[in-house]
Amino acid sequence: MSWVSVNSNFYTHRKFLGLSNDAVALWLRGLAYCGQYLTDGRLPSSAIGLLSGFAMQAISTTADGTSEDPATLTEALISAGLWVRDGNDFLYHNYDKYQQLRATVEKKRHSKSIAGAIGAASRWHGTSHEAANSKRCLQ
């Protein structure tokens, strides 16, 4: 399982003030998607329908009665400076500044896996240094 970081007062940042609730929800769901699939902030356009809720409903109505489709939501996020278009995909602005990148997450996972294997070897094969460093443990 991976995590993403969101400042607890992000919604008061100037970039979010003019956005609809649907656009903010899409931004947040997209961020979670990037963290889950370790995309380093790249959001494929193929995920927008699902993440915006439009896979289940045709149109979302805002408070003033206007409707926002996925294209409108993505354009709002680009205009706000939260996303950057990259071909058919979208990139989170400054993703690497606030989120862990794939390489970092995978390195931590590997380290934890090794530590767990050493702990298991120590538990089941004794506390000797040889047991903890056995080839079987480190594979």
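1. A pocket is an open set of points, on a 1 Å grid over the protein atoms alone, with protein on both sides within 12 Å along at least five of seven lines. Its volume is the space filled by probe spheres set on the points, which are joined across faces, edges and corners. The largest pocket here holds about 460 Å³ of space.

2. This is a predicted model, where local features need pLDDT of at least 70 and side-chain atom pairs count only at pLDDT 80 or more. Residues are numbered from 1 along each chain.

3. Lining residues have an atom within 4 Å of a point. There are 17 for the largest pocket, and Phe 16, Trp 27, Leu 82, His 93 and Tyr 98 are the closest to its centre. Helix H1 (14–17), H2 and helix H5 (95–98) each give two or more residues to the lining; helices are DSSP runs (H or I, at least four residues).

4. Now look at H2. Its 17 residues reach 24 Å from first C-alpha to last, close to the 24 Å expected at 1.5 Å a residue, with the expected span being 1.5 Å times one less than the number of residues. Buried residues (under 20% relative accessible area, 1.4 Å probe, protein chains only) of H2 include Ala 23, Leu 26 and Trp 27. Just after H2, Leu 38 has a positive phi of about 50°.

5. Which residues does Trp 27 contact, beyond its neighbours within four places in sequence? With contact meaning heavy atoms within 4.5 Å, they are Val 6, Phe 10, Phe 16, Leu 77, Leu 82, Trp 83 and Tyr 92.

Technical notes
Side-chain values use heavy atoms; hydrogens and water are left out. Buried means under 20% relative accessible area, exposed over 50%, partly exposed in between (1.4 Å probe, protein chains only). On a 1 Å grid over the protein atoms alone, a cavity is a set of points where a 1.4 Å probe fits but cannot get out, and a pocket is an open set with protein on both sides within 12 Å along at least five of seven lines; lining residues have an atom within 4 Å of a point.
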